[in-house]
Amino acid sequence: MPLSVQKRREKQKAELRSELVDAAHKLVQEEGYEGLTIRKLAKRVGYAPMSVYSYFADKQDILFALAEDAFETLARRIEEHPADDPIEALRAVMTEYAAFGLGNPNEYRTVFMTEKTKLPEGRSYEEMEEGNPAMKVLIKRVEACVAAGKLKGDPRAIATMLWTVGHGTISLLITFPFYPFGDPQAYVKRMCDFMLASLSAQDIPPLTETPVHC
């Protein structure tokens with residue numbers, strides 16, 4: 001097959017996949033996780049259901065595609081908020097993460113609160129992480145805090161603990177809107193301040209005995 005023809009086909013396939021991911025985002029935003037089905041997705045873009053299966057093996061595959069797309073969006077939003085102070089730069093990560101979740105509750109539930117039982121076929125965890133620019137930005141900003149002496153310990157462990165607290169905070173704000181948290185943004189800031197103060201007071205060891213490289 002001539003290279004130009006192969007490239008055109010690859011480009012067309014990438015464009016169609018992107019169209020499907022965009023349609024999946026809209027379905028989730030409108031109808032939540034339950035509304036995301038292969039049949040509905042196919043109908044929205046005007047394809048036969050079997051055509052969708054040539055891009056995604058199952059619903060789990062679509063969830064990973066949505067997650068990767070969300071991570072790219074989140075990374076772009078974070079990068080729009082640089083700061084000279086490494087702690088403020090790190091705080092911006094948490095602020096944007098919260099804004100993304102609270103501004104897109106259905107999508108947040110779908111991407112971050114549905115069980116991922118297996119990796120996509122042919123993909124390793126390392127490859128998945130390489131495709132997660134949001135986590136890369138978070139770890140990079142944690143590393144800057146460690147280098148500046150603002151935090152101590154293993155950057156990945158610190159980043160994971162921040163993510164854990166951030167996710168827990170946003171999940172509760174989304175799933176228990178009737179609880180008297182007060183202003184959601186103010187509560188997010190309070191939890192962020194609490195976690196950063198706690199982390200700065202100790203030396204954080206790695207999560208596992210075997211080092212994990214970003």
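Predicted model: local features only at pLDDT ≥ 70, side-chain atom pairs only at ≥ 80, totals over all residues.

**Entry 1: annotated stretches**

I began with residues 157-179, which UniProt lists as "transmembrane region" in an unreviewed entry. I found that span to be 83% helix and 0% strand, and its end C-alpha atoms lie 30 Å apart.

Next I checked "domain: HTH tetR-type", which the unreviewed UniProt entry puts at residues 14-74. That stretch came out at 77% helix and 0% strand, with 21 Å between the end C-alpha atoms.

UniProt also lists a "DNA-binding region" at residues 37-56, again from an unreviewed entry. I got 65% helix and 0% strand for residues 37-56, and the end C-alpha atoms are 12 Å apart.

**Entry 2: empty spaces**

Rolling a probe the size of a water molecule over the atoms shows where empty space is left. How many cavities of 30 Å³ or more does a search of the whole structure find? I noted 2.

The largest cavity has a volume of about 140 Å³. Its lining has 13 residues, and Leu74, Tyr97, Ala134, Leu138 and Trp163 are the ones nearest its centre. Helix 4 (59-79), helix 5 (86-103), helix 8 (133-147) and helix 9 (155-175) are the elements that each give two or more residues to this lining. I sorted the lining of the largest cavity by class and wrote down 12 nonpolar, 1 polar and no charged.

The second largest cavity comes to about 80 Å³. I listed residues that line it, among them Met94, Ala98, Val165, Thr169, Met191 and Cys192. Here the elements giving two or more residues are helix 5, helix 9 and helix 10 (184-200). By class, I have 8 nonpolar, 2 polar and no charged residues around the second largest cavity.

**Entry 3: aromatic rings**

A pair of aromatic rings is described by the distance of the centres and the angle of the planes. I counted 7 aromatic pairs.

I picked Tyr97 and Tyr108 to look at: their ring centres are 5.8 Å apart and their planes sit at 70°, so I filed the pair as edge-to-face. This pair links distant parts of the chain, with Tyr97 in helix 5 and Tyr108 in helix 6 (residues 105-112), 11 residues apart. Both Tyr97 and Tyr108 are buried.

Then I took Tyr179 and Phe181, whose ring centres are 4.7 Å apart with the planes at 50°, so that pair is tilted. Are these two buried or exposed? Tyr179 has 49% relative accessibility, so it counts as partly exposed. Phe181 has 16% relative accessibility, so it counts as buried.

I also spotted one aromatic cluster formed by Phe71, Tyr97, Tyr108 and Phe112.

**Entry 4: lysines over rings**

Lys59 lies over the face of Tyr33, at 3.7 Å from the ring centre. Lys13 lies over the face of Tyr55, at 5.9 Å from the ring centre.

Conventions:
Residues numbered from 1 in each chain as written. Heavy atoms only, no water. UniProt positions renumbered as here; feature names shortened; annotations may be inferred. Helix = DSSP H or I, 4+ residues; strand = E, 2+ residues; numbered from the N terminus. 1 Å grid on protein atoms, 1.4 Å probe; cavity = no way out; pocket = protein on both sides within 12 Å on 5 of 7 lines; lining within 4 Å. Points joined across faces, edges and corners; volume = space filled by probe spheres on them. Nonpolar A, V, L, I, M, F, W, Y, C, P; charged D, E, K, R; others polar. Phe/Tyr/Trp six-rings, centres within 6.5 Å; stacked < 30°, edge-to-face > 60°. Buried < 20%, exposed > 50% of the residue type's maximum accessible area, 1.4 Å probe, protein only. Lys NZ or Arg CZ within 6 Å of the ring centre and 35° of its normal.
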